[in-house]
Amino acid sequence: MNKKVIIAMSGGVDSSVAAFLMKEKGFDCIGATMKLYDNDEIGISREKTCCSLDDIEDARSVARRLSMPYYVFNFKEEFEEKVIRKFISTYENGGTPNPCIDCNRYLKFEKLFQRMNELEYNYVVTGHYAKIEENDGWFYLKKAVDDNKDQSYVLYSLTQYQLSHILFPLGEYTKNEIRDIAEKQGFLNARKKDSQDICFVPDGNYTDFIERYTGKKYPPGDFVDINGKPIGKHQGIIRYTNGQRKGLGVAFGQPMYVAGKNIEKNTVTLCTNEELFSKELKAVDFNWIIPNPQNEIKCSARVRYNMREKPATAYINDDNSVNVVFDEPQRAITRGQAVVLYDGDIVLGGGTIV
């Protein structure tokens, strides 16, 4: 195995320990942080986000401690085009995006791969909790040992070429073990809190971010029931996501939830909790990781990051879109999110729900 690797370092404990583990195994390592945006350009304070100067200094500190060259790569233009603009467009068109998937796809495993090739390095290493295993020349993506930290869901778009040039050293560890390693190595970020929010919307208020970024105001419209009957007024269509109950701003005789949005009519459909459940979905832009998938596949499927997989059957259509039928109805299947298919610990593939 060739030994030259680029470590994607965010300043957090996971990527720092990933760097340490690769050094311990004798790899020739350089650390790299992706500069994705300037905080003042998108209207957020510097200390609230994972792209802050503090995080870059944390990454630099760990690289220095490991006697490892360290670089900051400017990918702001690509991040704006591939992640931020898509995030906004998906909301404007009635969906709910997952920008972390796009960031992995277009930045970590596209732009960083370009740098890897330019520098004539052999692998990109990240702090993701997932595993890659080779069998008969084919590379499989698998769940991490730590079920609570497994990130295979956001990695479904990886290609065979990428899988053959990625290393996930944390896949065999638990989060507690990673923090323990960081403490023993004296890393200043050993107990640093994990980022839970979208990096460019650290306060979670994506509506304010979109309005500030676009300069637009999204007009009020009607809440309607599942029969299309107006039952109240909403405050702008981008403020609502499927399954939402809180923050509707209207009192009803029973709990009501967002079931969908009609962009042309500027309406938000509400329903009862029972009416949120459905068994079927369609996904496009589907990436299969396994070789030669059958037209009908018994599997388990996940439609959001923080859920367990549920038994389902996937049907491949002639246009390569995929219909997924669950054995039991699932709550709040949402346009714009990803559906990822599994066979036990193996990721079969995934795509975007439409």
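Visitor: What is the mean pLDDT of the chain?

Guide: This is a predicted model, in which local features need pLDDT of at least 70 and side-chain atom pairs count only at pLDDT 80 or more, while totals for chains, interfaces and linings use all residues. Residues are numbered from 1 along each chain as its sequence is written, and side-chain values use heavy atoms, with hydrogens and water left out. The pLDDT is the predictor's confidence in each residue, from 0 to 100. Of the residues in the chain, 95% reach 70 or more, and the mean pLDDT is 93.

Visitor: Over which residues is the pLDDT below 50, and how many contacts does this stretch have beyond near neighbours in sequence?

Guide: A contact means heavy atoms within 4.5 Å. The pLDDT is below 50 over residues 46-50, and beyond near neighbours in sequence the model gives this stretch 13 contacts.

Visitor: In what order do the strands of the five-stranded open sheet stand?

Guide: Helices (H or I, at least four residues) and strands (E, at least two) are DSSP runs, numbered from the N terminus. Two strands pair if DSSP finds at least two bridges between them. In this open sheet the pairing is parallel, and the order is β3-β2-β1-β4-β7.

Visitor: Why is one side of β3 and of β7 left without a neighbour in the sheet?

Guide: β3 (70-74) and β7 (166-167) each have a single partner strand, so one side of each lacks a neighbour in the sheet. The reason is therefore their position at the edges.

Visitor: At about what angle does α1 run to β1?

Guide: Axes are lines fitted to C-alpha atoms, for helices over the stretch in contact, and angles run from 0 to 180 degrees between N-to-C directions. Helix α4 packs on the sheet, touching β1, β2, β3, β4 and β7, and its direction makes about 135° with that of β4. Helix α1 lies across β1 (4-8), β2, β4 (123-125) and β7, and its angle to β1 is about 165°.

Visitor: Are α3 and α4 roughly parallel or antiparallel?

Guide: Angles under 35 degrees count as roughly parallel, over 145 as roughly antiparallel, 65 to 115 as roughly perpendicular and the rest as oblique. The axes of helix α3 (residues 76-92) and helix α4 (residues 99-118) cross at roughly 165° and come within 9 Å. The pair is therefore roughly antiparallel.

Visitor: Is the crossing of α3 and α4 left-handed or right-handed?

Guide: A crossing is left-handed if the near helix is turned anticlockwise from the far one by less than a right angle, and right-handed if clockwise. Where α3 passes α4, the crossing is right-handed.

Visitor: Which residues of α6 make the contact with α1?

Guide: Helix α1 (residues 13-24) and helix α6 (residues 175-184) pack with axes 9 Å apart, at an angle of about 70°. The helices are therefore roughly perpendicular, and their crossing is left-handed. From α1 come Val-13, Asp-14, Val-17, Phe-20 and Leu-21, and from α6 come Lys-175, Ile-178, Arg-179, Ile-181 and Ala-182.

Visitor: How many charged residues has the contact of α1 with α6?

Guide: Ala, Val, Leu, Ile, Met, Phe, Trp, Tyr, Cys and Pro count as nonpolar, Asp, Glu, Lys and Arg as charged, and the others, Gly among them, as polar. This contact has seven nonpolar and no polar residues; the charged ones number three.

Visitor: In what order do the strands of the four-stranded open sheet stand, and by how much are neighbours turned?

Guide: The pairing in this sheet is mixed, and the order is β9-β8-β11-β10. Neighbouring strands are turned against each other, direction ignored, by an average of 30°.

Visitor: Which residue takes a positive phi in the hairpin of β10 and β11?

Guide: β10 and strand β11 (residues 267-271) pair in the antiparallel sense over five bridges, with Asn-262 opposite Thr-267 in β11. The hairpin has four residues between the strands, and the positive phi, near 55°, belongs to Asn-266.
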